[in-house]
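Here is a friendly briefing to read alongside the model. Please have the sequence and the structure open as you go.

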Amino acid sequence: SQGGNVYSIIQSRMLYRSLGQVSSTFKADNRRNLVSVLAKITPSPDWSVGVDRINLCDGNCTWKKQIVQDLYPWDAGTDDG
């Protein structure tokens, strides 16, 4: 389980429209350079999108200027819908 390695939880405001963006600011360093993100898809009670352990550094730990990641919806299967 990776749960013991969580450094912090970052929350942001909700995005109510289908188009738009939300941003958050957080600190990272050469020891804490991985980020995971999870976002709920409303109004569904059990659909979400996310990424797990995206590395913010290149091979020599210089910071990446931009990361583009395709996201696919995931049904947690906890409810009908």
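**Strands, backbone and pocket**

Lys40 stands opposite Ser48 in β2, and the bridge partner of Ala39 in β2 is Val49. Strands here are DSSP runs (E, at least two residues), numbered from the N terminus. This is a predicted model, in which local features need pLDDT of at least 70, side-chain atom pairs count only at pLDDT 80 or more, and totals for chains, interfaces and linings use all residues. Residues are numbered from 1 along each chain as its sequence is written, and side-chain values use heavy atoms, with hydrogens and water left out.

**The sheet**

- Three strands make an open sheet in the order β1-β2-β3, with antiparallel pairing; two strands pair if DSSP finds at least two bridges between them.
- Its edge strands are β1 and β3 (74-75), each pairing on one side only.
- Between β1 and β2 the antiparallel pairing runs over six bridges.
- A hairpin of six residues takes the chain from β1 to β2.

**Backbone points worth a look**

- In the loop between β1 (34-40) and β2 (47-55) you will find Pro43, and the peptide bond from Thr42 to Pro43 is cis, with omega near 10°.
- Arg53 lies in strand β2, and its phi is near 55°, a positive value in a residue other than glycine.
- For context, most residues other than glycine have a negative phi, and most peptide bonds are trans.

- Arg53 counts as partly exposed because its relative accessible area is 47%; the class lies between buried (under 20%) and exposed (over 50%), using a 1.4 Å probe and protein chains only.
- Asn33, in the segment before β1, is buried, with a relative accessible area of 14%.
- Leaving aside residues up to four places away in sequence, Asn33 touches Ile54, Asn55, Leu56, Cys57, Cys61 and Trp63; contact means heavy atoms within 4.5 Å.

**The largest pocket**

- About 2,000 Å³ of space lies in the largest pocket, the volume being the space filled by probe spheres set on grid points joined across faces, edges and corners.
- Of the 43 residues that line this pocket, the closest to its centre are Ile10, Val35, Ser36, Val37 and Leu38.
- A pocket is an open set of points on a 1 Å grid over the protein atoms alone, where a 1.4 Å probe fits, with protein on both sides within 12 Å along at least five of seven lines; lining residues have an atom within 4 Å of a point.
- β1 gives the most to the lining of the largest pocket, with seven residues.

Key:
Helix = DSSP H or I, 4+ residues; strand = E, 2+ residues; numbered from the N terminus.
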